[in-house]
Every structure is written in structure tokens, then in C-alpha cells.
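Here is a quick tour for anyone opening this structure for the first time. Take a look at the model, then read on.

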There are 2 protein chains.
Amino acid sequence: MSKERPTIADVATRAGVSKGAVSFALNGRPGLARTTVDRILAAADELGWRPSNRARSLSVSKAFALGLVITRDPGVLSSDPFFPAFIGGVESVLAPRGQALVLQVVAPGEGEEAGYRRLAQDGRVDGVFLSDLRHNDPRIDLLTSLGLPAVTLNRPEVPSPFPAVCLDDRPGTIAVVQHLLELGHRRIAHVAGPQDFVHATARTEAFVSALAEAGLQPAAIETSDFTAVGGIESTKRLLALPDRPTAIVYANDRMAIAGMGAAQQAGLRIPDDLSVAGFDDSELAEFVHPGLTTVRADPHAFGEAAARTLNQLIDGDGSAVPDVELQPARLIIRRSTAHLEDS
Amino acid sequence: MSKERPTIADVATRAGVSKGAVSFALNGRPGLARTTVDRILAAADELGWRPSNRARSLSVSKAFALGLVITRDPGVLSSDPFFPAFIGGVESVLAPRGQALVLQVVAPGEGEEAGYRRLAQDGRVDGVFLSDLRHNDPRIDLLTSLGLPAVTLNRPEVPSPFPAVCLDDRPGTIAVVQHLLELGHRRIAHVAGPQDFVHATARTEAFVSALAEAGLQPAAIETSDFTAVGGIESTKRLLALPDRPTAIVYANDRMAIAGMGAAQQAGLRIPDDLSVAGFDDSELAEFVHPGLTTVRADPHAFGEAAARTLNQLIDGDGSAVPDVELQPARLIIRRSTAHLEDS
DNA sequence: GTGAGCGATTAAACCGGTTTAAACACTCAC
DNA sequence: GTGAGTGTTTAAACCGGTTTAATCGCTCAC
């Protein structure tokens with residue numbers, strides 16, 4: 001019993017055919033007699049043979065892997081509820097197909113471009129996910145010039161050569177604002193994410209337009225950075241305003257939870273003195289005190305759809321792959337938002 | 001200007017030598033005249049040639065990649081502060097060496113073994129990180145039989161064929177207990193992680209022995225699951241005890257933050273009525289209200305050390321690779337722990 | 001009986017590197 | 001002038017698959 005794994009030649013010998021025949025049988029190509037195919041598959045089975053990924057990679061010039069470059073500060077990435085679930089969704093598509101996921105975490109600015117370049121030039125992956133899409137995202141041109149297929153998570157405003165998989169954040173944000181309006185709030189502020197991100201501006205615009213719909217202006221808009229520290233600083237500034245807002249809509253849960261902490265620290269009761277809403281429905285949102293009203297998307301489904309779409313693009317014949325529109329995020333009402341107490 | 005990337009043959013032609021010579025020059029093998037090496041390297045440079053990973057992989061039977069299988073429920077993985085930073089540390093070692101990181105997220109129980117098996121049989125990786133080490137971890141035998149090199153994060157109690165990279169959680173836990181003792185607490189409870197995890201029992205044992213040192217018994221020990229829901233349930237049970245504990249030490253921040261929420265919900269003030277401590281120093285720990293006293297490790301350094309050690313093992317000549325002991329976790333005191341108010 | 005036509009099969013080239021063994025050029029000793 | 005020895009270089013095999021072009025064995029038509 002040899003320890004070496006069998007090669008295609010071993011299978012060929014055992015089945016009494018040539019290497020080529022085994023390859024044909026394995027890939028289900030026509031031109032082989034049914035009986036021969038069966039004999040070959042049986043022989044492969046008995047030997048426990050599985051084709052070598054490396055050899056296949058070399059001869060067909062494919063990596064059988066997809067890439068994800070996460071451009072974030074590791075500190076910021078911590079406790080981000082999106083990626084783990086997204087990756088889970090991606091894996092659920094890749095695993096049955098025998099594909100792998102290659103992950104890169106790079107700090108913003110430094111090394112992002114190099115990261116994609118390495119992935120492409122080393123032939124590590126057959127395509128990549130473009131997450132955290134930015135306005136005029138330079139990565140689109142970069143990937144085009146590298147010839148690396150990609151799928152964008154959400155849609156860039158300029159026409160892009162890549163299919164987009166979209167999860168619309170606006171309905172959720174609009175629902176938050178309407179919820180607060182129904183509770184009687186009129187001075188509503190927003191703590192936004194960095195405005196170079198497409199999803200951040202989408203939330204901000206939805207916030208503004210939902211208010212406009214009701215004939216109102218934002219009490220204030222703070223542009224922050226999705227981090228806890230950022231959330232706190234913005235919250236402090238908002239609370240120091242002469243006409244303090246009665247409700248704050250945060251662009252993510254992390255800023256919301258941190259902001260809630262800051263408000264409580266400042267002696268405000270939530271939701272009595274201040275209503276707070278987040279975005280993401282991260283695990284802790286339900287369990288902080290008070291439970292955070294927020295917006296829930298489905299990052300797992302996002303990952304599945306993105307992986308499927310990217311594979312379509314890679315396997316396809318060059319014809320356009322249609323964009324995918326996912327179920328939009330929806331409002332989850334908890335205890336951090338309440339009826340406005342008349343002052 | 002052709003679009004095809006140059007191959008080693010192109011370089012050889014341009015430098016007027018054979019393929020073999022180019023290979024020798026690139027890998028810095030002796031036996032080539034210095035002038036020839038220079039000429040070859042110059043030619044490679046002019047053509048912008050980089051050796052094909054796929055071809056190299058096939059001929060040297062290496063993947064130039066490491067694998068990480070995360071066995072967790074995607075929901076539980078969310079907001080885990082360890083992995084993003086750990087992965088960041090790993091990448092910082094892999095990137096300069098041109099290695100990639102292959103990630104797999106599998107749900108507990110189902111598919112874990114298959115995950116490692118795939119990684120090994122497909123030859124995707126040259127070694128893996130064994131995280132979330134369990135007692136009598138079946139993965140150790142599995143990997144041994146698969147012939148896949150590995151590094152364990154923390155040390156299994158039975159002798160293992162793999163080097164271990166360890167970050168001792170005990171000093172941090174002991175420091176928490178001592179801190180609470182100094183504050184006058186005597187009825188201290190513990191919410192532990194699942195006791196099949198090595199790091200979970202390490203924290204529990206440290207908790208018990210630190211109390212024993214002071215001649216005390218734990219007020220209670222709840223075995224939970226590291227999740228927010230679990231933390232809440234355990235907290236409720238602890239608060240319902242006839243002799244309610246005055247302080248609770250949680251095995252991670254997530255349970256601590258959720259537990260704090262539950263206690264507040266129940267009308268308790270923290271830290272006046274109940275002191276609370278966590279473990280991890282996740283991003284939110286500093287910013288929830290009140291700020292969470294916790295224990296900070298350095299997952300980034302953990303990742304670096306693990307990657308370096310795994311590479312040593314892979315590149316090595318079969319001689320044993322020494323274990324690595326990292327700087328232990330240390331106490332971060334915030335507002336959630338306070339002097340015991342005499343009742 | 002011969003050649004065309006067709007399905008089944010195979011030999012060999014190929015992907016792009018690494019590696020081994022042999023060949024080569026050159027100096028030096030005898 | 002020959003042989004041994006040394007330092008360079010190369011041809012060719014190899015890794016394990018895929019793919020192309022050629023071959024083989026048949027049947028069938030004329």
C-alpha cells in the first residue's frame with residue numbers, strides 16, 4: 001500500500017486505457033463508449049483518485065479559487081458583522097464546486113493596489129469580489145487592466161464592466177426615518193459613514209430624502225468613519241448643539257452602540273431623552289441596553305449571490321452577466337427608539 | 001507589444017541561455033557565472049517576467065499558501081474580535097513571501113473534517129492553523145493522517161506532533177480576579193466558555209485557582225457558549241441566585257456586554273450593584289456604558305508568530321520547531337468594576 | 001475487394017516551471 | 001599531448017493533468 005497519491009497514469013493503467021481517455025471520462029466529454037467510461041470511473045474510484053488541482057491549474061490556466069481583498073484597518077475590521085456572514089455565503093457556493101477562497105486583509109491606502117496585483121499576477125484567483133465599493137473606485141480600472149474578472153458589491157454610479165450584486169440599503173434607512181417620524185421626532189440627526197463609500201452615501205441620501213418627503217431638514221449630519229471612536233465623537237458634537245436632536249440615526253451599529261454609551265455617559269436616558277437607531281443588526285444590537293433599533297440585511301445571501309454571479313462571469317462565454325438585486329434591508333424595532341416625550 | 005505574459009523560455013531566449021539557467025539564476029543556485037546571472041536577471045527584468053505560481057506549484061509540489069479553517073457558526077463568528085486581527089498578523093508574514101491565505105468557514109460539526117480533507121487533498125495549502133483548539137482535539141490525528149503540517153494555537157495537554165504557539169490567558173484572568181478581590185468582592189461568579197475548548201478551560205481554571213489562592217470558592221460557575229444570548233441566560237441565572245454574586249467574570253467580551261445589558265435591564269446599576277469584567281478587549285468594550293474592564297491580548301502578534309512558526313515547519317528539514325510563547329494577556333481596568341458597596 | 005465514413009481510442013504535444021545528468025570549455029600537471 | 005579536474009552550461013526528463021491530431025477497427029456502399 002503505497003502512500004503516494006495515485007495519478008491519472010495509474011488510473012489509466014488499471015483501466016487499461018490511455019491518460020487521455022481517463023481525462024475524457026472524468027470531464028464527461030463525448031466520444032467515449034459508455035462501457036469504457038464506466039470502467040475508467042470504477043478504476044478511479046477503486047484507487048481513490050482525484051485529479052491534482054495543481055496539474056489542472058497549469059494546463060487549463062485556471063486557479064479554481066476566488067479572491068476577497070478586504071481593505072480595512074484590522075482594528076476597524078474587528079467586530080464588523082458583515083464579512084464573516086458574507087464569507088459564509090461565499091463558501092457555501094464554492095465548497096461544492098471544489099473552489100477555494102483566498103483572503104487578503106490590507107490596511108487602507110497602503111498595499112491595496114498591490115494586493116489585487118499580486119492576486120492577479122500570481123494567478124491565485126480567477127476573479128475577485130469588489131467590496132466596500134467607493135465612488136470613482138480606482139479598483140475598477142485596475143482590475144480591468146489586470147484582466148481580472150470581478151463582481152461589485154453594489155453598483156457604481158458610472159457604468160462598470162463588471163456585474164453588480166446589489167443590496168439596497170435605502171429602504172431600510174427610509175423605514176428608520178419614517179419610524180422616528182411616527183414617534184413624533186422632528187429634530188433627527190445622522191451620523192454617516194465616510195462619503196467615499198457608495199453604501200455610506202446611499203444611506204445618507206436615503207436619510208435626507210426620507211426627511212424631505214416629510215418636509216423636514218436633517219437636524220445635522222455628522223460624517224464619521226464607522227468606528228466606535230468616531231461614533232462617540234460625532235455623538236458628543238451632536239449633543240452639544242444648541243438645538244439638540246431628539247433622535248440620531250447612525251450608519252452602522254458600532255457607531256450607534258458607542259454613541260449610545262456616550263449619551264448615557266452624558267447623563268441622557270435612552271430612549272426617553274434620545275432615540276437611537278443603528279444599521280446592520282449586529283449580534284450585540286439585540287442585547288445592549290436598551291436593545292438597539294436597527295436595520296437588518298442578509299450578508300449570507302449577499303455572499304451566495306456574489307459568488308454565483310462571479311462564477312457565471314468566469315465560466316461564461318463573454319456575454320453579459322445580469323446584475324442581481326437582493327431583498328432589501330428591513331427595519332428591526334427594539335427599545336432604543338421611543339415616542340418623543342414633550343419637553 | 002504582446003499581451004501574453006512572458007514565460008521562462010522568453011527570458012532564456014533573450015538572455016541567450018537555456019531555461020534551466022534562468023531557473024538557476026532566479027533561485028540563486030550556485031554554479032552559474034556571476035556575469036551570466038546578471039545578464040539573465042536583467043533580461044527577466046526587461047520582460048517584466050515573474051515565474052508562474054501554477055507551474056512552480058506543479059513542479060515543486062507546493063501550494064505556496066497556508067490554510068485557516070474557522071469552525072464556527074457564522075452568526076457566532078460575527079463580531080469575534082480575534083480572527084480579523086489574527087488574519088492581519090498572518091498576512092503581514094505571508095505577503096512579503098508571496099504566499100496566500102486560504103480561508104474556510106464551516107459550521108461546527110458538519111463539514112469540519114471535510115474542510116481539512118479538501119484543503120489537503122486538493123493540495124491547496126502547505127499547512128494549516130489549528131485554531132480554537134479543543135481537548136483531545138480530533139483534528140490532530142486527522143491532520144497527521146492527512147500528512148498536513150500544522151501549528152496549534154495554544155498547547156494541547158497531550159503531546160502533539162505539531163509546534164504550538166501559545167498566548168497564556170491565565171495571567172490576565174488571574175489579574176481580573178485579584179483586581180476584584182482588591183475591590184472587596186468576595187462573591188465572584190464566572191461565566192465560562194464551552195469547556196471543550198482549551199482556552200475556555202484555561203480561563204476557568206485560572207479563575208478558580210486565583211480565588212483559591214485567596215481562600216475563596218467561586219460563587220458560581222456558569223458554562224456558556226461565548227455568544228451574547230448565552231451570556232444573557234447565564235447572567236439571569238446568576239442574578240437569580242439566593243446569594244447573588246457581587247461580581248461576574250465573563251470568559252469573553254461579548255457575553256460580558258450582553259450580560260451587562262441583562263443586568264441593567266433587571267434594574268441593577270453597574271458597577272454600583274454589580275461589577276462586570278470581560279475578556280478580549282473588543283472594540284466596543286471601551287465604549288459601552290460603563291466601559292468594560294477586560295483583558296487584552298495581541299491577536300495580531302499571535303497571527304504573525306503562528307505564520308512564522310508554520311512556515312518554519314514547512315520549510316524545515318524535519319527537525320523539531322520550537323514552541324513559541326507570546327506576551328500574556330493583560331488587565332485593562334475601566335468603569336464596569338468598582339469598590340464593593342457595603343450592603 | 002476496396003475505399004469512404006465514422007465512432008472509439010491513443011500518442012504526443014503542451015502548460016511553465018524545476019532538477020538531474022551529461023556535455024562542454026578550459027586550466028593545469030605530468 | 002593527454003588525462004584529470006574544475007567550473008559553466010545545457011538538454012532532457014519530470015510534475016500531472018488537458019487537448020489536438022492521428023490512428024485504429026468497423027461497417028457499409030459500390
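Let's start with a pair of residues: Cys166(B) sits opposite Glu325(B), which belongs to strand E11 of chain B. Strands and helices here are DSSP runs, at least two residues (E) for a strand and at least four (H or I) for a helix, numbered from the N terminus. The model is predicted, so local features need pLDDT of at least 70 and side-chain atom pairs count only at pLDDT 80 or more, while totals for chains, interfaces and linings use all residues. Residues are numbered from 1 along each chain as its sequence is written, with chains lettered from A and ligands numbered from 1 in the order in which they are written.

**Strands side by side**

Two strands count as paired if DSSP finds at least two bridges between them. E5(B) and strand E11 (residues 324-326) of chain B run parallel, with 3 bridges. E5(B), residues 164-167, also pairs in the parallel sense with strand E4 (residues 150-153) of chain B, over 2 bridges. There, Leu153(B) faces Val165(B).

Pairing also crosses between the chains: strand E2 (residues 100-106) of chain A is joined to E2(B) by 3 bridges, and the two run antiparallel. Leu101(A) has Leu103(B) as its bridge partner.

**Where the two chains meet**

The contact takes 44 residues from chain A and 44 residues from chain B. Residues are in contact if their C-beta atoms, placed from the backbone, lie within 7 Å. On the chain B side, the elements that each supply at least two residues include helix H6 (82-97), strand E2 (100-106) and helix H12 (253-265). That side divides into 20 nonpolar, 17 polar and 7 charged residues. Ala, Val, Leu, Ile, Met, Phe, Trp, Tyr, Cys and Pro count as nonpolar, Asp, Glu, Lys and Arg as charged, and the others, Gly among them, as polar.

How do the copies relate? A rotation of 180° with 0.0 Å of shift along its axis puts chain B on chain A, with an RMSD of 0.1 Å. The two copies are thus related as by a two-fold rotation axis.

**Around the DNA**

A residue is near a strand if its C-beta atom, placed from the backbone, lies within 6 Å of it.

| DNA strand | Residues around it | Among the closest |
|---|---|---|
| DNA strand C | 26 residues | Gly20(A), Ile8(B), Gly20(B) |
| DNA strand D | 26 residues | Ile8(A), Gly20(A), Gly20(B) |

For DNA strand C, helix H2 (19-26) and helix H4 (53-60) of chain A, along with H2 and H4 of chain B, each supply at least two residues of the nearby surface. That surface has 12 nonpolar, 11 polar and 3 charged residues.

**A buried spot in chain A**

Thr293(A) lies in the loop between strand E9 (275-277) and strand E10 (294-296) of chain A. Is Thr293(A) buried or exposed? Thr293(A) is buried, because 26 other C-beta atoms lie within 10 Å. The cut-offs are 20 or more such atoms within 10 Å for buried, 12 or fewer for exposed, and partly exposed in between, with C-beta atoms placed from the backbone. Leaving out residues up to four places away in sequence, Thr293(A) touches several others, including Ala277(A), Ile332(A) and Arg334(A).

Methods
Two residues are in contact if their C-beta atoms, placed from the backbone, lie within 7 Å. Copies are superposed by least squares on the C-alpha atoms of residues with pLDDT of at least 70 in both.
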